[in-house]
Amino acid sequence: MLSQEDDIRGIFRAKEEGDSGTPRPNTITGYVWSGTAPSQRRKEVVIDPSYFALQLSAYPEYDAGLFQVVVDPGIVSKFFNTLDRVPVIDTHKVGIMYVAPGQSEESDILRNTHGSPSYTRFLEGLGRLINLRGQVDVYAGGLDPDEDGEYAYAWWNDIGQILYHTATMMPSSPDDPQCNNKKRHIGNDYVRIVWNDSGNPYRFDTLATQFQFVNIVIEPHSFGAIAAFSNSDHKNEYFKVTVQRAPGMTEFAPIGHFKIISAENLPLLVRQLSLLADWFASVFAHTHSDTVRVEMKTNWHTRLETIRRFKSQMLAAKTPEPTDDITAQEASRDFTTMF
């Protein structure tokens, strides 16, 4: 699995080798990742269209009776509409909030539109900056670029994607002093990353919401010359990472009471921790605080069940028998009605 650092090295390596197609970073936003999601990369693969027809055709299994004909074509479109609503990968959304020095109230925290230099560097290492406008390949987590800001941080690999609802990247409107627009996203996340520069302990229930499961709290551990808003290069900066859990939720990560970690390794740790926490919190919520034994299904499992359910319904239907050889041949050529 490639890390973001590996991807960045690849960009610079391509530039050094004279790859003129590699875009230069924007002077303001830096690198905005595009064309790198798994679905975007696969668009460049060239496949002969006849290959798909061959795979979908019932030939030569028709004579052996190894296929079924769909009686009602309308059922097929309903099936694909249902299947398209289930992503082909597992998706996660995680909230991020910045607590400025002296802040303790929910509205003040959500109104922040920027953070400390260390916080900004942390975001750059946590995920990849994407443009939400017209985004179809990366999970947008319900964000609307017209209301929630045009950019967001996300991370993905071939089997999953994480979208970070970052409060400082969402616009703060004077008509929304309580920042309800931000809260409708971050308040519904099971996991929140809290960068706490307030100087005081962060209360678990600071953000009033019914989805109180996991807070990953990051606090500066190095003081003095490399404090939150210093101009140092922050090379030797360390942070304290604490995990706050809902009552009844067992410990799920090797953090203990807290972990002290360097600024260089902080984004990777928190990214993996947020992914693990979202899985754990989702199971905890799905099982009603671990009081009911029910299966937590992944998107892959849900899609497989949808396909199996469709197949069982079709097998239950009576397949019309072809009246003659010519009709049989015509039926076998139309692979859109067979499965």
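**Briefing: sheet, cores and a buried serine**

Eight strands form an open sheet in the order β2-β3-β4-β1-β5-β6-β7-β8, and the pairing is mixed. The model is predicted. Its chain holds 11 helices along with eight strands. Of the 339 residues in the chain, 40% are buried.

**Chain as a whole**

- Among contacts between residues at least 6 apart in sequence, 66% connect residues that are at least 24 apart.
- The chain has an accessible surface of about 19700 Å², and carbon and sulfur atoms account for 55% of that area.

**The sheet**

- In the open sheet, with its order β2-β3-β4-β1-β5-β6-β7-β8, the edge strands are β2 (128–131) and β8 (259–262), each of which pairs on one side only.
- On average, neighbouring strands of this sheet are turned by 30° against each other, with direction ignored.
- β2 and β3 are paired in the antiparallel sense, over four bridges.
- Arg128 stands opposite Ala154, a residue of β3.
- Helix α6 packs on the sheet and touches β1, β3, β4, β5, β6 and β7. The direction of α6 makes about 150° with that of β5.

**Nonpolar cores**

- The largest nonpolar core comprises 34 residues, and Phe122, Ile193, Val214 and Leu266 have the most contacts inside it.
- At least two residues of this core come from each of the strands β1 (90–99), β3 (151–156), β4 (160–166), β5 (191–196), β6 (214–220) and β7 (238–245), and likewise from each of the helices α6 (117–126) and α9 (266–286).
- Helix α9 gives the most to this core, namely six residues.
- In soluble globular proteins, nonpolar side chains tend to be buried together.

**Ile193**

- Leaving aside residues up to four places away in sequence, Ile193 touches Val94, Gly95, Ile96, Met97, Phe122, Leu126, Tyr164, Ile216, Ile218, Val270 and Ser274.
- One of these contacts, Phe122, is also among the residues with the most contacts inside the largest core.

**Ser282**

- Not counting residues up to four places away in sequence, Ser282 touches Tyr190 and Met296.

Definitions and conventions: Residues numbered from 1 in each chain as written. Predicted model: local features only at pLDDT ≥ 70, side-chain atom pairs only at ≥ 80, totals over all residues. Heavy atoms only, no water. Buried < 20%, exposed > 50% of the residue type's maximum accessible area, 1.4 Å probe, protein only. Contact = heavy atoms within 4.5 Å. Areas by Shrake-Rupley, 256 points an atom, 1.4 Å probe, with all protein chains shown as cover. Core = buried A, V, L, I, M, F, W, Y, C linked by side-chain atoms within 4.5 Å. Pairing = 2+ DSSP bridges. Axes fitted to C-alpha atoms, helices over the stretch in contact; angles between N-to-C directions.
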